[in-house]
Amino acid sequence: MGKVYKSLKKCRICGSKDLYKYLDLGKTPLANHLIDIKNADKKEDTFPLEVLYCKNCSLSQLSIVVEPEVLFSYYPYRSSVSKSFRKHCAGMAAKAAKILGANEKNENNLVVDIASNDGCLLQEFKKKNFRTIGVEPAKNLAKIAESNGIETINRFWSRKAAKSISAKHGKAKIIAATNVFAHADNLNEFMEGVEILLDNSGFFIVEVPYFHDLMTNNEFDTVYHEHLSYFLVRPLHKLYSNHNLSIVKIEKYPIHGGTIRVYASKSPKANLNISKSVEKFLDFEEKEGMYKLKSYDKLGSMAQKIKKELLAALKKLKEEGKKTAAYGASAKGNTLLNYCGIDSKLVEFIVDDTPEKQNHLAPGSRIKIVDAGFLEKEKPDYLLLLAWNFAKEIMQKTRMHYKRKVRYIIPIPRVRIL
Ligand code: TYD
């Protein structure tokens with residue numbers, strides 16, 4: 001690979017150059033670039049994984065930007081693998097229909113999902129008779145969505161994409177963007193696209209992991225190269241105001257370690273007043289010290305503490321002759337494994353139910369990813385939950401299907417053995 005990344009020179013929302021580095025997780029390979037077993041001998045490129053805080057608008061952001069074509073043209077992550085996420089999507093479609101109002105006929109209304117993945121969310125809108133279009137840059141995912149009957153345009157979101165959808169299908173009543181905002185380098189262009197396609201009476205609905213949860217729960221492993229930004233409400237409010245969009249409502253959900261869902265609508269410039277919901281979050285963030293530099297350094301020390309405790313626990317189990325495997329070859333799991341320096345000597349294999357991930361090696365750690373059938377074959381005593389955000393679902397599932405009694409190691413927010 002040649003030079004496929006650039007350094008961040010200024011804040012991607014407000015343009016300030018006053019950036020402070022508070023987290024350094026070393027150099028790691030790309031967290032979703034799993035290695036084909038055939039290429040096991042090939043060396044991987046590694047990239048600095050550091051987070052900066054914008055002293056002006058409080059956006060946390062990575063110090064580098066890896067080219068999106070490198071990150072997203074093939075993407076092994078499939079939204080529909082998790083039952084809890086499917087349920088979450090159904091809830092979102094129901095709420096979105098409600099917010100549009102009882103007089104709206106769904107079949108007249110277009111819903112566009114940006115980074116629609118395998119069509120998981122749009123399936124739910126389709127069940128409610130909305131017209132749906134997905135925009136998804138990963139070829140493999142667009143193909144899956146199409147085969148499930150979800151019309152999907154295989155491209156990156158941009159002004160151009162917005163114009164072409166608008167010309168062909170008209171304006172959208174709902175534009176959804178779940179777990180993609182953090183991936184966009186040019187957030188201003190992202191918003192310009194939304195301004196083009198969104199109907200005057202429509203809603204732009206964004207979901208992002210909430211940075212306050214990341215800080216409070218030590219979720220440092222959710223830092224990886226795809227996640228360029230880590231959002232508080234303060235920088236979001238600033239971004240939206242620059243694009244004549246008003247945040248009308250914010251809701252919190254536990255999914256993905258703590259998520260905020262932000263509803264916004266178009267408003268004439270004069271009407272960019274702050275809604276109660278935004279005010280509440282801004283006050284909360286201020287009170288929690290989220291706008292003060294000194295709150296930020298603790299994340300690095302917590303990461304070091306978790307590393308020390310996790311390594312000690314895994315080494316002790318090995319000395320005692322216990323067998324440890326992991327569940328969930330998540331991107332965050334790869335940050336955790338690589339930051340802690342865990343390899344197959346300590347964790348023998350990783351189970352993941354995503355067929356695309358199986359029979360690959362995890363980047364950096366080179367631990368083999370396998371299907372759940374391996375649990376019966378290999379009989380591990382302990383399972384390290386790398387997808388700790390789905391701990392309940394995975395524990396239920398393994399208890400039901402795996403005859404042997406197994407114990408669980410949950411690494412975040414602190415190392416616990418259950
Ligand atoms: P996730 O935590 O959603 O995201 P990220 O990659 O952004 O860190 O990843 C969860 C992983 O766990 C994903 O690879 C799917 C896998 N998984 C299973 O294999 N089985 C399950 O039952 C669940 C809930 C997840």
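Predicted model: local features only at pLDDT ≥ 70, side-chain atom pairs only at ≥ 80, totals over all residues.
Where in the chain is A115 found?

## Two residues with positive phi

A115 is found in the loop between strand 7, which covers residues 110–114, and helix 3, which covers residues 120–127. Although A115 is not a glycine, it has a positive phi of about 60°.

With a relative accessibility of 48%, N359 counts as partly exposed.

## A cis peptide bond

The peptide bond from I412 to P413 is cis, with omega near 5°. As background, most peptide bonds are trans. P413 is found in the loop between strand 20, residues 407–410, and strand 21, residues 416–417.

## Salt bridges

Side chains of opposite charge can pair when their charged atoms come close. In this model the count comes to 19 salt bridges, and a few of them are described here. K21 forms a salt bridge with E50, and the closest N and O atoms of the two are 3.2 Å apart. This pair links distant parts of the chain, because K21 sits in strand 2 (residues 19–28) while E50 sits in strand 4 (residues 47–54), 29 residues apart. The two partners can also be described by their accessibility: K21 is partly exposed, with a relative accessible area of 42%, whereas E50, at 16% relative accessibility, counts as buried. The cut-off behind that wording is that a residue under 20% is called buried.

The side chains of K38 and D36 also meet in a salt bridge, at 3.6 Å from N to O. Here K38 is exposed, with a relative accessible area of 73%, while D36 is partly exposed, with 28%. Another salt bridge brings together the side chains of E348 and K323, with an N to O distance of 3.7 Å. E348 lies in the loop between helix 11 (331–340) and strand 16 (349–351), and K323 lies in the loop between helix 10 (298–319) and strand 15 (324–327), so the pair ties together parts that are 25 residues apart in sequence. E348 itself counts as partly exposed, at 35% relative accessibility. Salt bridges that share partners also join K95, E207, K249, E251 and R261 into one network.

## A positive patch on the surface

Which residues gather in a patch of positive charge on the surface? They are K83, R86, K87 and K392. Helix 2, which runs over residues 83–100, gives the most to this positive patch, with three residues. R86 lies in helix 2, and this arginine counts as partly exposed, at 36% relative accessibility.

D213 lies in helix 7, residues 211–216, and it is buried, with a relative accessible area of 9%. Leaving aside residues up to four places away in sequence, D213 touches N218, E219, K252, G257, G258 and T259.

S277 is found in helix 9, which covers residues 276–287. This serine is buried as well, with a relative accessible area of 17%. When residues up to four places away in sequence are not counted, S277 touches V248, K249 and I250.

A303 has its place in helix 10. Is A303 buried or exposed? It is buried, with a relative accessible area of 1%. Not counting residues up to four places away in sequence, A303 touches F220 and Y339. The C-alpha atoms of A303 and G341, residues that are 38 apart along the chain, are separated by 13 Å.

Definitions and conventions
Residues numbered from 1 in each chain as written. Heavy atoms only, no water. Patch = residues over 30% accessible without salt bridge, like charges linked within 9 Å, V, L, I, M, F, W, Y side chains within 5 Å. Areas by Shrake-Rupley, 256 points an atom, 1.4 Å probe, with all protein chains shown as cover. Salt bridge = Lys/Arg side-chain N within 4 Å of Asp/Glu carboxyl O. Lys, Arg positive; Asp, Glu negative; His and termini not counted. Charge placed at Lys NZ, Arg CZ, Asp CG, Glu CD. Helix = DSSP H or I, 4+ residues; strand = E, 2+ residues; numbered from the N terminus. Buried < 20%, exposed > 50% of the residue type's maximum accessible area, 1.4 Å probe, protein only. Contact = heavy atoms within 4.5 Å.
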